[in-house]
Amino acid sequence: MYYFDGSSRRWTSLLTLFCILCLLITPAVSVKRENFKTCDQSGFCKRNRAYADTALSESRWQAPYALDPSTVKFDKGVLTGTVLKKIINTNDNVRLPLKITFHESGTARVTIDEERRQKGDIELRHGSKARKERYNEAEKWAIVGGTTVSAGAALNSDAEKGTTRIMYGPGSKFEAVIRHEPYGIEFKREGETQIKFNDRGLMNVEHWRAKVDKPAEEQKEGDEAVVAESDKEAAEDESTWWDEKFGGNTDSKPKGPEAVALDISFPGYQNVYGAAEHTGPLSLKETRGGDDKYTDPYRLYNSDVFEYEMDSPMTLYGSIPFMQAQKKNSNVGVFWLNAAETWIDITKSTTSANPLSLGIGSEVTTQTHWISEAGLLDVFVFLGPTPQDVIGAYGELTGYSQLPQQFSIAYHQCRWNYVTDEDVKDVDRKFDKHRIPYDVIWLDIEYTDGKKYFTWDPMTFGDPIGMQKQLDDHERKLVAIIDPHIKNEGGYHVVDELKSKDLAIKNKDGNIYEGWCWPGSSHWVDCFSPKARDWWKGLFRYDKFKGTGKNSFIWNDMNEPSVFNGPETTSPKDNLHYGDWEHRDLHNINGMTFVNATYEALLARDKDEDKHPVRPFVLTRSFYSGSQRLGAMWTGDNQAAWPHLEASIPMILSMGISGYPFAGADVGGFFGNPSKELLARWYQAGAFYPFMRGHAHIDTRRREPYLAGEPYTQIIAQAIRLRYSLLPAWYTAFHEASTTGAPIVRPNYYVHPGDEKGFGIDDQFYLGSYGLLAKPVTREGQEGQDMYLADKEKYYDYFDYWMYEGPTTVTVAAPLDTIPFLMRGGHIIPRRDRPRRSSGLMKFDPLTLVVVIGNSGDAEGTLYLDDGESFNYKEGAYIHRRFSYQGATSTLTSEDLAALPGKKTNEYLKQMEKVRVEKVIVVGAPQTWAGKTEVEISEEGGKSSSGTKKVPLEFHGQEGGKAAWAVVRDPGVQIGSGWKIAF
Amino acid sequence: MKATEALICLKFLAAVYAASDAPRPRGVGPEYGSDEPGTSACAHLSSYSPQTPDAANATLALPGFYCKNKGHVPSYVPFTNVNDGVCDYESCCDGSEEWDGVGGIKCEDRCKEIGKEWRKQDEVRQRSQTNAAKKRKELVAEASKIKIGIQDRLQSLTTEIEGSELKVKQLETELADVERREKGKVVKPAGGKGGKMGVLIGLARDRTEELREHLVRVRDERDSSRSRLQELESVLSTFKEEYNPNFNDEGVKRAVRAWEDYEAVARDKGSEPKAALDRDLEELTKTDKENGLDWDEYEAEEETDTDVLYAFENYLPPSLRGWLDHKLRDLRLMLIEGGILAASTDSGAESKHVTEARKRLKTAEKELDGHHKDLKKHNEDLADDFGPDDVFRALKGTCVSTDSGEYTYELCFLERTTQKPKKGGGHTNMGNFVRMERMTVDEDLPPNGKGLGSGERIVMKHENGQHCWNGPNRQTTVILGCAEENEIWKIMEEEKCIYRMEVGSPAVCEGVNGGGGKGAGGKDEL
């Protein structure tokens, strides 16, 4: 800390300067809307919205799709058939093969293709070399499991005429009722309809057609004549079928119009969630109908959106086309497996329920309209009934989140840029000096020699190994950035190899694509190609990427891909990838393929690691369904402004319920300088981001926590240390996510799916399964926080044990040094209270158990521990315990949850032998303990197996609103063994 | 408060003691009178940790784990570092803080070699410090010498001013006298500027001189505008090269396009300055004499026949002429003074005598003015802040530099800081010296002692350097630490175009003798 003479003067002038800068900057800080398409500027979106308008406004409208009953076959859980699309004004039909797969997990998948494209029986314009089929490889990237076909699914012979019925799912409680004409499906659970396909007749598969060049004038008149005679509304607007222009770029669209669209309704469901990533509320807003609604559909088209705006359906860096609907005690979902540009319209309609059911009021139905530019119409249906059932089934399909390196869930310190190796070492020393823990320091693009990845700037990073050695001394890590754009400069080995091996993305003519990014002229590695991935893996070997050590990991940025001079700052859609797929077909998956290649590379970077791979850590900006398997994501380039802090919470919650819980936002805000209050509040919120990283733009002032000055440094240090002390709980939550797909920070609806009042809440959340409820302050000057307690249960303030009783809304004091943070009764929370320099140095620290007694008098919690870095846990090297407190018997026990011991179990347990419980704190301790002075402890195995020992108990009675609590200091029991403490 | 809270933790520690049979070293606790064993169990008792009832508002009785460091200097290791599996040899050379051997760590006692090395270095540091102190004394002496020099100069200036003032007065009188005499002259001696032609020439000369001066000024202005334009154009072309199209800022794009248009037009017009024209200009701005035009020559020539005729005195024999002249002059003067006769006004300018007298006066006045200026400057200089003991007076203008990355950085004491690209190219002013301040720093001292350490340090603020694209004017804060030589230790860009320079100098070794070196071990921090 620096104390200046006459510092007040200095600060005043700084403040003045800052204010002036603010005035200058504020109006400029906003997204450049004109750089990104609206639905109206995106041909297929405009066409399909118009199609919907026609369909919904015309009573005579009849959807032109019918399932030909003669083609329907059902065999071993798979139904096949052909949907016929009637071409207006002709007697022609387009044949669309339909396949419905019923999975063992209870998930159904509906896939519609187009026969002519499938067979390659079409002609491409402009002599294009692109593939003719609809893109059918999205599943190759997104789907990793859960596709075992159900043996129990069966045709129901009771089907009404014109329908086909399939019973499936656990206990055959699910049912799909397929209507033949017009084609549509109703998905039911226990006889009740949950999801409807094509209920509103908005389904649209744009079939291939040849371009007919008619003289413009004639065509118009002719059309009118035809239209007058036939169905006027059905006249199609061809203006957006062919080449499309936007922002000076022309998309050649060699395959013509090829969009797929479908309406999916959720009768009785008022709330839908998901469709990440967007800045708006967790519960998605309506996108049509004026007033408080958005005007454009939610858009999914991974883009580098500079200075993105709040509360908007605009697209961002990543896409997860997975949506859940929630009503009281029921949750269902759909996963739209399509990697092309996608738009989703959401509207809600209120209908009076069955007029015969007297007394039941009106019911809200959420209607969604999914529109993708190309590819298959491919939808997975999940019928719940709990949020976890749906999220779990989705996770089974797309993979659970990676069990991360322990360090990666601790605090990360980043900045664009730490400018020299000495700078890095200096920051490292200062954290120690100020006793603030951190685990990882990051290097943004400036470490490279002229933005050439896999090189170091010799002037500024002359000794990267020495730098990493210093970090390693305290178990700290380095994360360096590697982006997919490869500088186009002669003599740079990476670009030379990329060219000579022909591994780059190509332009529409099949030549190497050249665009602009950070290094100037660049090429992009095409990670859809297996050869490119192999090559990419080789680049990370320690002997190839010289200057990297074992404590170095990777950050993948700009992988949408970001192309500065490309349309919408990304790749042209008619660029070609491996297998001659057009970029338009797979755009949203592109980012994931790049991270995938990096992940594979980090598994093993030398011979030793070939045999014993380590858990990679990769941070990505762009993502798709499945990216959760590969590492963390962050919400990109946010701003140091209160609304961005506020928005970060629903955004991260949304990632959590979308199967990608390892998410965070830049703590402090990327662009601009945060006030100290904002910085402090942001650390308090950031301590609850699954991925917690401070980051700052190159033009901002330095803001490492120790620079803030008191009381801010202390407040920030407390927030970071809170994160560290709760790391055992966080790690256990990550383990849960990696085995069940459960979110790590959980919104109210997920935890209390029966509580309708909480369905819209997205500013408070629970951490893991621990009943830890946080609501960080996200508004300036706010000193109190209203917290919603959903259920009839006791809640205690985490910091002073003040008691609250739900269900209600309580106001929790929240001065700047306080985080509104409660403990719900009935849980046991594991902590490690000793502050260390990094999480790696806490590995052998003892644990503290906080038993929070609720209304039932009982409490329960789990703990998962392993070495935090290797894959040895797959061979049994872990500890997994359940702690239970029984009110009736006043005993706390530890029981093993581990599966059968593996090859490495014993070795690990031996290593952890000395790790014990150093403290048991009982919050809400019964008043009857008032006179109690000791507890009795028995431990399985070892020397104490024969008998028991007594350890003192310290009781603190209730004081005003603060709960009674008791503490047992050093019960001396091992964390890895079974034991019992009798109070 | 302190005692009770510590006691809670102590109680726990006692329990730890009882419960475990692991061998535990005991820290010394004479300060507290208790057996404070060394564990990290109480490390969370800190204002930096979350405040929970079992650890609220607590502070620790001891600053840390006590390392005896036999063979070296004893010290406290922060509790957070005890039994974390890392040997903290920097502060605990005997490795005793890792007594529990977590994760199998064994920290051997290295005090012997570390202590030896430390003592060796300490000796070097001490020696260096002694030298530094000596150097500072020299600097102070030097500064004092400079100051005395200034004071002496001030003294002599005062005398000189008196002399000059006297001289000015004399010359004024002389001038008045000469003027008076000249007025009485009927006929101006040769060389004077008489006649209409003389007036014309005088006017022409003045006019030419005036034009020339203006031309020079306009040329200077043009040159400075041209260089500003060049600078601006180079800023814009860099801007065009380096702007980030990803930011998709319409304003920026427009600016780039406008620049490209401008550049194209400028290229067509060929705005390059014409060397030939410049040479002409150069000729024009030379003084007339250099151009071979000697006005005096023309002036001196001029004397009309009539004038000569009237100067009949010249035809008389010298003796008579002298007498007559005298009489006539007296008469004339009498008449003039009596208001009967007008003084001779026909002369285009003054006589040579008057001009010369005036010239002498002017010179004397100029000299006096110079003396006054000197006096003011030296007085201000004496009043300026040159740091304690006036020591920086001796360093003013002394420059030191160091290489860092692709630049060489230079500090010229009390003048400016500069960034010079190694690859060549323009130097960048990183700020001009504005004032001295003091700042409290808290840095670890490297073993060689070349660092700021902890405490109050003298700081030199440099402001208003070259402006930064998309940022402020460059500023540099130079923080000074005691060292044997003037040298730049470290240069950092703390934020965009705001630099921090850590600089060693014997000038700031005031009273540090022995003080700074002790802290080198960093034993007492927590």
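Student: Which domains does the domain assignment of chain A give?
Tutor: Keep in mind that this is a predicted model. For chain A the assignment gives domain 1 (41–211 + 241–398), domain 2 (406–745) and domain 3 (748–982).

Student: How far apart do the C-alpha centres of domain 1 of chain A and domain 3 of chain A lie?
Tutor: Those centres are 43 Å apart.

Student: What area is buried between domain 1 of chain A and domain 3 of chain A?
Tutor: About 990 Å², with carbon and sulfur atoms giving 58% of that area. On the domain 1 side, A:Leu282, A:Lys328 and A:Pro387 supply 41% of the area that domain 1 of chain A buries against domain 3 of chain A, more than any other three residues.

Student: Which polar links are counted between domain 1 of chain A and domain 3 of chain A?
Tutor: There are seven residue pairs in polar contact, both residues at pLDDT 80 or more. The salt bridge count between these two domains is zero.

Student: Turning to the chains, how many residues does the contact take from chain B and from chain A?
Tutor: It takes 60 residues from chain B and 59 residues from chain A. The area buried between chain B and chain A is about 5400 Å², and carbon and sulfur atoms give 51% of it.

Student: Why is the pair A:Lys914 and B:Asp100 called a salt bridge?
Tutor: The N to O distance between their side chains is 3.3 Å. The cut-off is 4 Å, from a side-chain nitrogen of Lys or Arg to a carboxyl oxygen of Asp or Glu, so the pair A:Lys914 and B:Asp100 qualifies. Across the interface of chain B and chain A the rule finds eight salt bridges.

Student: What else is counted between chain B and chain A?
Tutor: There are 18 residue pairs in polar contact, both residues at pLDDT 80 or more. Helix 1 (2–19), strand 6 (428–442) and strand 9 (487–495) of chain B each supply at least two residues of the side that touches chain A. The residues of that side divide into 20 nonpolar, 17 polar and 23 charged.

Terms used. Residues numbered from 1 in each chain as written. Chains lettered and ligands numbered in written order. Predicted model: local features only at pLDDT ≥ 70, side-chain atom pairs only at ≥ 80, totals over all residues. Heavy atoms only, no water. Domains from an automatic or database assignment. Buried area = accessible area lost by both parts, 1.4 Å probe. Polar contact = N/O pair within 3.5 Å; in protein donor to acceptor, adjacent residues only side chain to side chain. Contact = heavy atoms within 4.5 Å. Helix = DSSP H or I, 4+ residues; strand = E, 2+ residues; numbered from the N terminus. Nonpolar A, V, L, I, M, F, W, Y, C, P; charged D, E, K, R; others polar.
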